[in-house]
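Here are a few friendly notes to read with the model open beside you. Take the points one at a time and find each residue as you go.

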Amino acid sequence: KANKLVTEFDILGKKTKARVLHFDRVPKELMVPYAAKDALLTYRIGEKQHFRAVAETGGLMPLLQNERELTRTVYEMERVGVRVDLPFCRRAAEFERGHRNDLTQEFARLTGRHFVDSAKTFEPFFETSRLLKTPKGAPSYAAESLEAYGPSPIGEVIAGIRDAKSKADYYNGFLFHADDKGIVHANFNQHQARTGRFSSSGPNLQNLTKQEDDDLKEEFVVRRAFIPRPGYFFAMLDYDQVEYRLMMEYAQCKDLIAKVLGG
């Protein structure tokens, strides 16, 4: 950073810039001591975790072995990546930008105000007593609060503007992160979330907008941006209610398992 070995990129729809740090441009005599220190620290942490797993009477060793195998799988997922339909993403991003602009104009027509996604802008047009509250007790204008509020032309426009922006951000993210072959190599973060769950970044492929029923009749559906490589196809394995099924299996509830499985 001190030598400005950084390239910044704008991503459409994002306020913050994407930053690439060019470690490859740092002189070797400066980089090697840092690399050696990092390697030694990583080794010592891994060694400590290994011995703890071996000594733990609760049986942490199988968990450790599972995580090691999972690391290899995650690396392979990142390396292979997923193919996106670049022309589709460009058309879809342009469509959503246009749709958002149309709704922004509709908001101005209904309210006489320029659209700013803030409580201060929205407050005059809602009965705040009917809105859900934030943790601090203020009226909430989040999606679930506007939905609970009931039919409201302004609320519908606000939801539509947010939805269009969200979808445009997805498409722009795919376009930004795709390589010259249209492959997106997202990061799957094994230990970043505090809950122990996976997270995804660069771009986030784990929290894509889920469109169902009538939405699937539209031309631009976010998940249609992903296409299989030539000679391959997509298949979905449904792990519906897998946590409950495993819980019943461990509890030896054979009769209940049979009822759930319909047998």
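1. Start with threonine 121, which touches Phe107, Arg113, His114 and Val116, leaving aside residues up to four places away in sequence. Please keep in mind that this is a predicted model.

2. Where does threonine 121 sit? Its place is in helix 4, which covers residues 119–122. The side chain of threonine 121 also has a polar contact of 3.0 Å with the side chain of serine 118.

3. Is threonine 121 buried or exposed? Its relative accessible area is 9%, and buried means under 20%, so threonine 121 counts as buried.

4. Now go to the surface, where Phe9, Val20 and Phe176 form a nonpolar patch. Together they have about 220 Å² of accessible area. One of them, phenylalanine 9, lies in strand 1 (residues 6–9). Phenylalanine 9 counts as partly exposed because its relative accessibility is 34%, and that class lies between the limits of 20% and 50%.

5. Next, have a look at the backbone. Lysine 4, in the segment before strand 1, has a positive phi, near 55°, and is not a glycine. With 70% relative accessibility, lysine 4 counts as exposed.

6. Glutamine 252 also deserves a look: its phi is positive, about 60°, although it is not a glycine. You will find glutamine 252 in the loop between helix 7 and helix 8 (254–261), and at 53% relative accessibility it counts as exposed.

7. Which kind of peptide bond joins glycine 202 and proline 203? It is a cis bond, with omega about 0°. Proline 203 is in the loop between strand 6 (199–201) and helix 7 (242–250).

Terms used. Residues are numbered from 1 along each chain as its sequence is written. This is a predicted model: local features need pLDDT of at least 70, side-chain atom pairs count only at pLDDT 80 or more; totals for chains, interfaces and linings use all residues. Side-chain values use heavy atoms; hydrogens and water are left out. Patches are made of residues with over 30% relative accessible area and no salt bridge: like charges are joined within 9 Å, nonpolar side chains (Val, Leu, Ile, Met, Phe, Trp, Tyr) within 5 Å. Accessible areas come from the Shrake-Rupley method with a 1.4 Å probe; for residues, only the protein chains shown count as cover. A salt bridge is a side-chain nitrogen of Lys or Arg within 4 Å of a carboxyl oxygen of Asp or Glu. Helices (H or I, at least four residues) and strands (E, at least two) are DSSP runs, numbered from the N terminus. Buried means under 20% relative accessible area, exposed over 50%, partly exposed in between (1.4 Å probe, protein chains only). A polar contact is a pair of N or O atoms within 3.5 Å; within protein, one must be able to donate a hydrogen and the other to accept it, and residues adjacent in sequence count only if both atoms are side-chain atoms. Contact means heavy atoms within 4.5 Å.
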